[in-house]
Amino acid sequence: MTIAVRAEREGDRGRLVPVGPFDLAHAPAVATAVAHIPPDLEGCRSIDVDLTHLDRIDGAGAVLLARFLDRLDPDGDRARVVEERNAEAARLITRYRQKRAESPPARTRARSALTKIGAVAADLPARVIDTLDFTGGCVAALPKTVASPRSVDWRSLPRLVQQIGADALPVTSAANLLVGVIIGFLGVSQLGRFGAVVYVPELVVVAHFRELGPLVTAIVVAGRSGAGLASEIATMKVSEEIDALRSMGFDPMRWLVVPRCVALVLVVPLLTWVGDALALLGGLVATVAITDLTPRAYVLATMDAITANHFVGGLIKSPFLALAIGLIACGQGLATQGGAAAVGARTTTAVVLAIFGVIVINALFTLLYVVMGV
Amino acid sequence: MPPSRPHIIVEDLRIGWGTRVLMEHVTFDIERGTTFAILGGSGSGKSTLLRYLIGLEQPMAGRIDIDGVGEPHRYEGVPPFGVLFQSGALFSSMTLAENLALPLTMWTPIRGATVRDLVQAKLELVGLGPFAEHLPGEISGGMKKRAGIARAMMLEPALLFFDEPSAGLDPISAVELDELIVTLSRDLGITIVIVTHELPSIFLVANSCIVLDKTAKGIVARGDPRALRDKSEVPFVHNFFTRSSPEASVNQGR
């Protein structure tokens, strides 16, 4: 099927005749047909557009033809669509030409890589201030919470404990059990070279109770509950629920952040404690499976290795790690602006920051213990 | 010359969930190039009926035929209609231009400058020419709806569905949107089906309508909305068009 724009000239009068179907289905061919202004028409004083030979026209065809006429006749005083021969098509083309003339130029958003880097750098101080602002808000919320316990949504606490604690128990337990197995295997393979397999139970206790137990549990909770809390609050923010809370005189910091942080602080040490017990089991299974050490000997060696320092030194870190997860997740949720995409972006940031945060805090505690000689 | 076939034929439709019937014996035709309103109070099933017309749900019984090509829930390929959802339903991570370009790049081989031209023309048609590179979060509710209309028109459909287009808009934005709907129907010859309970919109845009009532589980009146307002003897329809409660009409009757 031929699609073309024929150009004819008589003296200083030109005539344009679009031929064929000018519709969405044939838009690529139409775009090619109207890509160049016919040289015959240059210098014409008037150009008649004859629509008699148009098979079909829809909005897409009309737009392409209107743009062609815009280029051919930027001032709009030379080209004339002959209405008598196809009034409907003429009206459609005129509509798109008129709209073009009325609209101011669009602004552009295209930004170079350098501009983007600059924008991120320029945004950095504001981000730091926002973080400090949020931290300050949390600290300020504490005395207010004590003074006015009713300003906190305590009714949500059992649900949060269930979601963050009981529901997470299988996954944190499995992670800790497997870490215990890994330490067991590693201990046997390394200490076994020196005939020191008998020290594997102590290695499991020290490594897991003091360092890996709280860290592994916190990372799993950060990934699981951190994402859940951040996306929940972010969704509340974009659907104006946070604004509604504020409009009713509630402080979102106290109403939402405090119960979530309290739930985390209560639950994460418990999950860590259960994880510690399962890691011992994992170490036992691994060691007994590949060495001559009996289960009884392993348990006795473990009992000897467990000291208050190791046990408490590990568990004391857990509330701080939990608090970091809660504050980061809630802070990111409350900072959400925009729509559904912003919820996803904030959730991702919350998980990344929470995991990084618990690793940094754990490292700081380890340093502190070393300095204190614990 | 024989009369043209109706654009949409709905025959003895029964809709609902599980064993619960929400509406039954729903039968109506929509003529080509007209603006048809689906009216009713809150909870009468207007938006639900729309979901069946655009093929998001499968009816329990009955038939919906759009343009003689079959049932909407069985369509595969280029949709033969555009839909404006209540919130505009623009994708928040994309600019308006990207939102509008999406159906074109999905369903047509058109690319590059031609896509930009078509997108810009549609944005200008709805008065959003300068906002092509804005994100939906950066524009007002009325502008989102106009952008939604532009996106619904990208594949040049002969049929547009509007779900509560004036809901949540100020009176001026609502009138502007109504005028846009009238223009689309008049200048582009598009058949428009509009779900609403805004009386000013109904009288401004609709050529014909059906009125749904949840207690009757179906259609209680059909025809020209002005004629129904002036002549209907069905109490619900009379109350609906005169904005009065049943108690008020009882009191008036005394």
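These legends describe close-up views of a predicted model. Local features need pLDDT of at least 70 and side-chain atom pairs count only at pLDDT 80 or more, while totals for chains, interfaces and linings use all residues. Residues are numbered from 1 along each chain as its sequence is written, and chains are lettered from A in the order in which they are written.

**View 1. The open sheet of chain B.** Three strands stand in the order S2-S1-S4, with antiparallel pairing; strands (E, at least two residues) and helices (H or I, at least four) are DSSP runs numbered from the N terminus. Two strands pair if DSSP finds at least two bridges between them. S2 (20–30) and S4 (61–66) of chain B are at the edges with a single partner strand each, so one side of each has no neighbour in the sheet. The twist averages 25° from one strand to the next, with axes fitted to C-alpha atoms and angles running from 0 to 180 degrees between N-to-C directions.

**View 2. Strands S1 and S2 of chain B.** S1(B), residues 8–17, pairs with S2(B) over 7 bridges in the antiparallel sense. B:Ile9 stands opposite B:Asp29 of S2(B).

**View 3. Where chain B meets chain A.** On chain B, 23 residues are in contact with 27 residues of chain A; contact means C-beta atoms, placed from the backbone, within 7 Å. H3(B) gives the largest share of the chain B side, 6 residues.

How values were computed: Contact = placed C-beta atoms within 7 Å.
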